Amino acid sequence: MYGLVNQAVADLAQTLGGAALWDRVREGAGLQGASFVAMEPYDDEVTGRLVAAASQALGIPAEEVLRAFGRHWVLFTAQEGYGALLSAMGSTLPELLTNLDAMHARITFTMPQLRPPSFGCEEVGPTRLLLRYRSHREGLAPMVVGLLDGLGELLGDPVDVVEVREGPAGGTGTGTDVTFVVDHGAAVARVPA
Ligand code: HEM
């Protein structure tokens, strides 16, 4: 994945535990002293090692790291100058989710080796959507849940996400094809904390 992703993992580690935690994560991943160039592609394995090392250092499952990472990604990309692109894609959750593929396609102009996921969004009620997530990669569904948390916070439209269906992985036996039910807005606000 592009270095921007690894930079965001570094930023999350630094937010959670300062430079000391980031140093431990880098070391745990066998990447002592490494830094990343945002617009340069790296092997996916590098990101995987960083997530595994963060899970080890924080004593939480990798899925939780990925969820925290997804939430952080929304903040981090805004801070790195991508906020305008995201807000140009819509001002409500259904709009933004419908336009995610178009947004990643725009990013491909500056990151030609991008291998973006694909999303399909279907509104099934005033406060409920079905979101289908497909990727060449495996294991990143928890990141999508975190991304939805982050988008909900950004829009002031809290979400409640449940994974409902895992489809066939594109015939090749690899990749991900997962559907989420996303409740948002009033539906979530009514649920007591
Ligand atoms: C403006 C904000 C965003 C930027 C700049 C951005 C850019 C990127 C980049 C650079 C990657 C790495 C892919 C690669 O290197 O091949 C990526 C992956 C990904 N993006 Fe985005 N993205 C943004 C927002 C979002 C949002 C809002 C979502 C979903 C709600 C999303 C979903 C994903 C997922 C799930 C991946 C992991 C890769 C995979 O599933 O195969 N992104 N994005």
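This is a predicted model: local features need pLDDT of at least 70, side-chain atom pairs count only at pLDDT 80 or more; totals for chains, interfaces and linings use all residues.
**Ground rules.** I number residues from 1 along each chain as its sequence is written, and I use heavy atoms for side-chain values, leaving out hydrogens and water. Local features need pLDDT of at least 70, side-chain atom pairs count only at pLDDT 80 or more, and totals for chains, interfaces and linings use all residues.

**Iron.** The only protein donor is His 104, through NE2 at 2.1 Å. His 104 sits in helix H5, residues 100–107. Helices (H or I, at least four residues) and strands (E, at least two) are DSSP runs, numbered from the N terminus.

**Salt bridges.** How many salt bridges does the whole structure hold? I found eight. Each is a side-chain nitrogen of Lys or Arg within 4 Å of a carboxyl oxygen of Asp or Glu.

**Arg 26 and Asp 23.** Their closest N and O atoms are 2.6 Å apart. Both lie in helix H1, three residues apart. Arg 26 is buried at 15% relative accessibility, while Asp 23 is partly exposed at 33%. Buried means under 20% relative accessible area, exposed over 50%, partly exposed in between (1.4 Å probe, protein chains only).

**Asp 177 and Arg 132.** This salt bridge also has its closest N and O atoms 2.6 Å apart. It links distant parts of the chain: Asp 177 in strand E4 and Arg 132 in strand E2, 45 residues apart. Asp 177 is buried at 6%; Arg 132 is partly exposed at 35%.

Key. Donors are N, O and S atoms within 2.8 Å of the metal (3.2 Å for Na, K and Ca); water is not among the atoms, so sites may look incomplete.
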